[in-house]
Amino acid sequence: MLKFLLIVWFSISVAEDFKVPKPTTTQAKWLDYEVGAIVHFNMQTFDRYMKPGKVVAADVFNPCELSTDQWVKAAKSFGAKYIVFTIDHFSGFLMWPSKTDYKYSVKYTKWREGKGDVLLDFIKSSKKYGLEHGVFYSVHNNWYMGVDNYTTGDPASQERYQKIVEEQMHELFHAQSLYKDPFYIWFDAGIVPGVSPNVGPTIRDLAKNSLCDECPTFAGDQGLRWVGNENAMAPLPHWYAVPKGKCSMKTNDGQVIQGNPSGELFCPANCDTVIREHFWFWEPDTEYSVKSVCRLVQEYLTSVGHGCTLLLNINPDTRGKVPEQDLSTYEELGRAIELLYKEPVAKYFSQKLHVDKEKKWEFKTFVSLNGSIVIMEDIAKFGQLVRSYELKVKTGDCWISIDEEGSTIGHKRIHPFPRALAEKKISGISLKIRKLVTEQRDITLREVSVYKWDEAAKQNLI
Ligand SMILES: *[C@@H]1O[C@H](CO)[C@@H](O)[C@H](O)[C@H]1NC(C)=O
Ligand SMILES: *[C@@H]1O[C@H](CO)[C@@H](O)[C@H](O)[C@H]1NC(C)=O
């Protein structure tokens, strides 16, 4: 009996002690943005055969029609609210004229007589078109400095690498820098404390308001992580929180960390994907690989529709411009995403629901081949609470359960109409929250909506 009481007492106290982690203002803003862009443009655009030990001359970089305005407009056309740029990728070539003791950057090219600054142009274009900007910097590889998998293999050059990286971080993010205060910083493949240069202290000191993607030990409460695949696919259930200190890509045995319902640290994943299957940098004769809009819409549904954010690649070519075929695909994708929300049937805001009690909403009957039910939690206010729910649709006098299992909702969950409902009369939906991550008995959802997708289907965009 005593043992039983102890167990009961223990489980109650654990539940009461659990404080649902909430996003910072910046993380909440990022979730609300839903869609972002990442631009892969660097020396690999010009020479894709680069590898460790084979560094091409700086002058190979010569984008004679470069237009960062055009990149940003492309991003805006598919609804991106922020844009990230590979200012340093595996080659080690820098997109800004660094004043550090480092001779592999735009400054050492004939392009714009060595006076060009792609990063600054990029930041100006982002501001001009109202997008937040971010930078991608690789500590993991730097072929110019002979770094492969975080190290040069030699203590003296490793020390020099460490120093250079630190100086470049300072140059980029100090208070008077032209490049300061990015919305987003991404260290691809993360950093490995004790092995790679430790950028943590500098980043947390100079760029504490920036979101930090793959910053395992120093993200603080501004962390983001990678979802673990490059197809914009968030596995369900999709949790934002992770155990403390685990806001990183992999466990010690190499597994990508997914979130979990009892995580104490808010550190959501980004769902990235390419437009050309499967190229991050532009390569000649790869037009055939540009994805169809329908496929990209599917990727939108498995990322944004699963509570993740979509991060779609842009691969400018050797002119420094986004190729025409990609441009029109981005535009169509933007149109398709807009159409997913253009025909609302019903919209309900700030809906209070009691756990285990079905709530019904009924509306004017309609018939549609395609459409969706959208559910949103209020993550900024309450954190992520829902771990299980049941959703039904009313057709005639019947309430039919959606066959997809209702697990997490998160910022947004999109349920496309199941096949069984195609062309059926729909006149209501119901939702029963079964389980939350806390013991509380009610929840206020941000929004519950129903949309027709007739126009998107008519235009062959979904
Ligand atoms: C790369 O470096 C990490 C960190 O030192 C190490 O755990 C991993 O085994 C290395 N991978 C390869 C392929 O050498
Ligand atoms: C549109 O409806 C058809 C018929 O139910 C279905 O096969 C298709 O997957 C739906 N498309 C989308 C994007 O939901």
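Leaving aside its neighbours within four places in sequence, Ile429 is in contact (C-beta atoms, placed from the backbone, within 7 Å) with Trp361, Ile373, Leu391, Lys392, Val393, Lys394 and Val450. This is a predicted model, in which local features need pLDDT of at least 70 and side-chain atom pairs count only at pLDDT 80 or more, while totals for chains, interfaces and linings use all residues. Residues are numbered from 1 along each chain as its sequence is written, and chains are lettered from A and ligands numbered from 1 in the order in which they are written.

Ile429 belongs to strand β17, residues 425-436, where strands (E, at least two residues) and helices (H or I, at least four) are DSSP runs numbered from the N terminus. Ile429 counts as buried because 25 C-beta neighbours lie inside 10 Å; the cut-offs are 20 or more other C-beta atoms within 10 Å for buried, 12 or fewer for exposed, and partly exposed in between, with C-beta atoms placed from the backbone. Of the 462 residues of the chain, 46% count as buried.

Helix α9, residues 324-340, also has buried residues, among them Tyr330, Leu333 and Ile337, and the buried residues of α9 pack against α4 (68-77), α8 (293-303), β13 (371-376), β18 (442-452) and α11 (454-458).

Turning to the ligand, the residues around ligand 1 (C-beta atom, placed from the backbone, within 6 Å of it) are Asn149, Tyr150, Val192 and Val195.

Definitions and conventions: Two residues are in contact if their C-beta atoms, placed from the backbone, lie within 7 Å.
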